[in-house]
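Good morning, and thank you for coming. Please look at the sequence and the model on the screen while I speak.

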Amino acid sequence: MIRIVVSCMDRRLNKYLDEKYNDSNTIFVRNAGCNIESILGTLRSIISNEDVKDIILVPHNDCGAMKYVYGVLKENKPTEKEWHASLIREFEKIPFSSADELDVKNYALQQESAEKYFSKSVKLISTENATVEKSVGTGKHILVIAKAGRSKYGEIADQINANSKGEEKIELSECYFIQANGYDEISPDITIAVRKLGITDIVIYSNGTDEDRQMLEIKKKMKIHYSDQGLNIEIVSNRHRMQHPVKAL
Ligand SMILES: [Zn+2]
């Protein structure tokens with residue numbers, strides 16, 4: 001029996017998720033703000049291919065995505081059409097007066113969305129609020145893009161360090177993770193990460209040869225989108241580890 005854990009891309013959650021879900025029955029999906037609406041395709045595909053019993057949502061306090069939503073809706077900060085559609089729109093009808101309050105509203109909103117779409121297909125949908133230390137906003141920030149999968153984050157960081165052409169080793173605490181199976185689902189989240197989080201390096205993590213070609217396509221699209229940002233974009237392929245692949249869309 002399988003559980004899906006949906007969480008935010010925030011780097012402060014990596015250790016929490018590794019410690020709490022240290023088994024091979026958990027498939028991780030992550031984006032900006034633990035947002036269910038924008039990853040429905042990925043969730044549906046996992047549910048139709050695996051014996052999924054639970055969906056556990058893991059949003060968190062001090063969420064950068066909620067600060068961003070707050071800035072757009074309360075301080076008239078600029079946004080873009082695709083961000084509005086994927087993240088901002090669903091908060092327009094919810095009353096709130098601070099970003100902290102928005103974190104709490106987000107817990108309920110994502111639970112409600114997950115129930116709306118998946119209460120018939122899985123037994124249990126629950127929300128677990130992770131508590132993280134307030135961010136000091138310094139240090140190197142790396143964005144890791146991967147398919148939804150079972151790999152633990154410590155293992156992925158080790159694999160990247162073992163297979164990357166880059167000279168500098170990455171630290172797990174520096175890595176934001178965006179994980180879903182369709183590029184269109186995560187493209188707004190990638191843009192938010194690149195423009196708002198000061199990402200300088202992107203690692204596209206491919207968990208075996210069957211994903212290499214798809215990841216190359218993602219890299220091509222990203223090169224076009226972010227050619228002005230001076231980003232290092234690298235594909236790191238883990239060709240030797242093929243257990244538990246998750247079927248792509
Ligand atoms: Zn977050």
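Let me begin with a definition: two residues are in contact if their C-beta atoms, placed from the backbone, lie within 7 Å. This is a predicted model, in which local features need pLDDT of at least 70 and side-chain atom pairs count only at pLDDT 80 or more, while totals for chains, interfaces and linings use all residues. Residues are numbered from 1 along each chain as its sequence is written.

The term pLDDT denotes the predictor's confidence in each residue, from 0 to 100. For this protein the average is 89, and 94% of the residues score at least 70. Residues 241-249 are another matter: there pLDDT stays under 50, although the model has 22 contacts beyond four places in sequence for them. Where pLDDT is low, the predicted coordinates should not be read in detail.

Now the overall form. The protein contains eight helices and eight strands; helices (H or I, at least four residues) and strands (E, at least two) are DSSP runs, numbered from the N terminus. The C-alpha trace spans about 50 × 45 × 30 Å along its principal axes. Among contacts between residues at least 6 apart in sequence, 78% join residues at least 24 apart.

A residue is buried if 20 or more other C-beta atoms lie within 10 Å of its own, exposed if 12 or fewer, and partly exposed in between, with C-beta atoms placed from the backbone. Buried residues make up 38% of the 249 residues.

Why does Gln110 count as buried? Gln110 does so because it has 23 C-beta neighbours inside 10 Å. Gln110 belongs to helix H5, residues 99-118. Leaving aside neighbours within four places in sequence, its contacts are Cys34, Asn35, Ile36, Leu57, Pro59 and Thr127. Lys219, by comparison, lies 109 residues from Gln110 in sequence and 30 Å away in space, C-alpha to C-alpha.

Two helices deserve attention next. In helix H2 (residues 40-49), Thr42, Leu43 and Ile46 are buried. They cover an arc of only 95° around the axis, and so lie on the same side of H2; the arc is that of the directions from the helix axis to the C-beta atoms. The buried residues of H2 pack against strands S1 (2-8), S2 (26-31) and S3 (52-58), and against H5 and H7. In helix H4 (residues 81-88), the buried residues are Trp83, Ser86 and Leu87. Their arc is only 85°, which puts them on the same side of H4. They pack against helix H3 (64-74) and helix H7 (183-196).

Helix H7 also holds Ile190. Ile190 is buried, with 24 other C-beta atoms within 10 Å, and beyond four places in sequence it is in contact with Ile145 and Ile178.

Finally, the strands. How many residues of strand S6 (residues 175-179) are buried? Five of its five residues are. Cys175, Phe177 and Gln179 point one way from S6, and Tyr176 and Ile178 the other way. Strand S5 (residues 142-146) runs parallel to S6, and five bridges join them; two strands pair if DSSP finds at least two bridges between them. Across this pairing, Leu143 stands opposite Tyr176 in S6. Leaving aside neighbours within four places in sequence, Val144 is in contact with Ile156, Cys175, Tyr176, Phe177, Val203 and Tyr205.
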